[in-house]
Amino acid sequence: MEKQRILHFLTPLRNLSPFDVNMAVDTGFAVAGYTDIELKDVAGLTQDAMFSRVPDDAAKTVLFIGGRDAMMALDMAGAARKAMFLPFQVSVFADPSGAFTTAAAMVAVAEKKLSETGGRLQGAKVVVFGAKGVVGGVVGVIAAEAGAEVTLVGYDKTPVVPQKAEEFEKRFGKRFKVADGSTEAGRRAALAEADVALVAARAGVQVLSAEELKSARRLKVVADANAVPPAGVEGLAAKADGVAIGQAAIGVGALAIGNVKFRLQRKLLRRLHEGNKAEFIDFRETFAAARELVAGT
C-alpha cells in the first residue's frame with residue numbers, strides 16, 4: 001500500500017498560514033499542524049515523525065517550518081536536520097510567512113532583468129528598502145550571497161536595521177552597509193550609486209517617489225513587492241514586468257514577482273511530494289530553484 005505524503009507544519013505562531021496550508025493540500029499532502037512551537041521542541045517532533053516510518057518511506061514525510069522570523073526558521077530547520085541521522089531522514093522545507101520564496105523570486109527576477117541590460121548581480125550595488133521586515137532582510141541576504149554589494153535601508157531611525165546587518169554579517173559572513181531612508185535626502189543618497197533597488201516595505205506604503213527615481217542615474221532595475229495600493233514605487237504598476245521607469249531603469253511590479261513566488265512554492269512542494277529522497281530546502285535551495293524557474297520563462 002502506497003503511503004500518504006504527510007507535511008507536518010511547525011510554527012512558533014498561534015495559527016498556521018492558510019496560504020501555506022492550501023498550497024500543501026493542493027499539491028496532494030495531508031497536513032498536520034503544530035502551533036506555538038519553540039526551538040527546543042523541534043528535535044523531539046522531528047524524531048517522532050521520522051521513526052514512525054521505515055527508511056524507504058522517510059522521504060514521504062516533510063517538516064515545513066513557518067513563522068514570521070527568518071532567523072528563527074533557519075534555526076528550527078537546522079535543529080530538525082541535526083536531530084536526524086541515516087537512514088531515518090525526512091525532508092525539511094523552511095519558508096516563514098513566504099519570506100524565502102518571495103525574496104528568492106524577487107532577487108531572481110531582478111537578476112534576470114539586470115542581465116537584459118548587460119549587467120550582473122555579482123558585483124552590482126543593490127539597495128533594499130524595507131530591510132526591517134522579514135522579506136526585505138532575506139532579500140538582502142540572498143543578494144549578498146549572490147555576490148552583490150548590499151545596502152539595507154531602514155525608514156524609522158530605530159536600531160533594528162543596523163542590528164540586522166550586524167547579525168547577518170556574523171551568521172552569513174557577508175558585509176552589509178546600512179542607510180537611513182526616513183527622509184527624501186536619505187533615500188536619494190541610498191539610490192545615488194545603486195544599480196538595483198528592491199523595495200520590500202510594508203503593504204500600502206509608498207517608499208520611492210518618481211522624482212527620487214529620476215535622480216538615480218545609475219539605476220538599472222527597480223522591483224516592488226507591495227501589491228496593496230499605493231505601490232511602494234510611484235508609477236510602478238503591480239502587473240508591470242519590464243517597463244521603463246526612472247531615467248533608464250527596468251521596473252517590475254508586485255504581481256509579476258508574486259506570480260514567480262507562487263509557481264516557485266508550488267514547484268518545490270511538488271518536488272517534495274514526488275521525490276523519493278529527503279531534501280533540505282532553505283533560502284539557498286529556494287533561490288537556486290527560483291533562478292531555474294525564471295531562466296525558463
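Analyst: Ask away. N226 is in contact with R202, A203, G204, V205, A231, G232 and A254, leaving aside its neighbours within four places in sequence. Note that this is a predicted model.

User: Why is N226 called buried?

Analyst: Its relative accessible area is 6%. Buried means under 20%. N226 is therefore buried. It lies in the loop between β9 (221-224) and β10 (241-245).

User: What makes the pair formed by the side chain of N226 and the backbone nitrogen of V228 a polar contact?

Analyst: The backbone nitrogen of V228 lies 2.9 Å from a polar atom of the N226 side chain. The cut-off is 3.5 Å. The pair falls within it, so it is a polar contact.

User: Which residues of α2 are buried, and how do you know which side they are on?

Analyst: In α2 (residues 42-50), the buried ones are V42, T46, A49 and M50. They cover an arc of only 90° around the axis, so they sit on the same side of α2. In general, an α-helix has 3.6 residues a turn, so residues three or four places apart point the same way.

User: What do the buried residues of α2 pack against?

Analyst: They pack against β1 (6-10), β3 (61-65) and α3 (70-83).

User: The chain has 10 helices and 12 strands. Why is it called as compact as a globular protein of that length?

Analyst: Its radius of gyration is 20 Å. The globule rule gives 19 Å for 297 residues. The two values are close, so the label holds. Buried residues make up 49% of the 297.

Conventions: Residues are numbered from 1 along each chain as its sequence is written. This is a predicted model: local features need pLDDT of at least 70, side-chain atom pairs count only at pLDDT 80 or more; totals for chains, interfaces and linings use all residues. Side-chain values use heavy atoms; hydrogens and water are left out. Helices (H or I, at least four residues) and strands (E, at least two) are DSSP runs, numbered from the N terminus. Buried means under 20% relative accessible area, exposed over 50%, partly exposed in between (1.4 Å probe, protein chains only). A polar contact is a pair of N or O atoms within 3.5 Å; within protein, one must be able to donate a hydrogen and the other to accept it, and residues adjacent in sequence count only if both atoms are side-chain atoms. Contact means heavy atoms within 4.5 Å. The arc is that of the directions from the helix axis to the C-beta atoms. The radius of gyration is taken over C-alpha atoms; the globule rule is 2.2 Å times the number of residues to the power 0.38.
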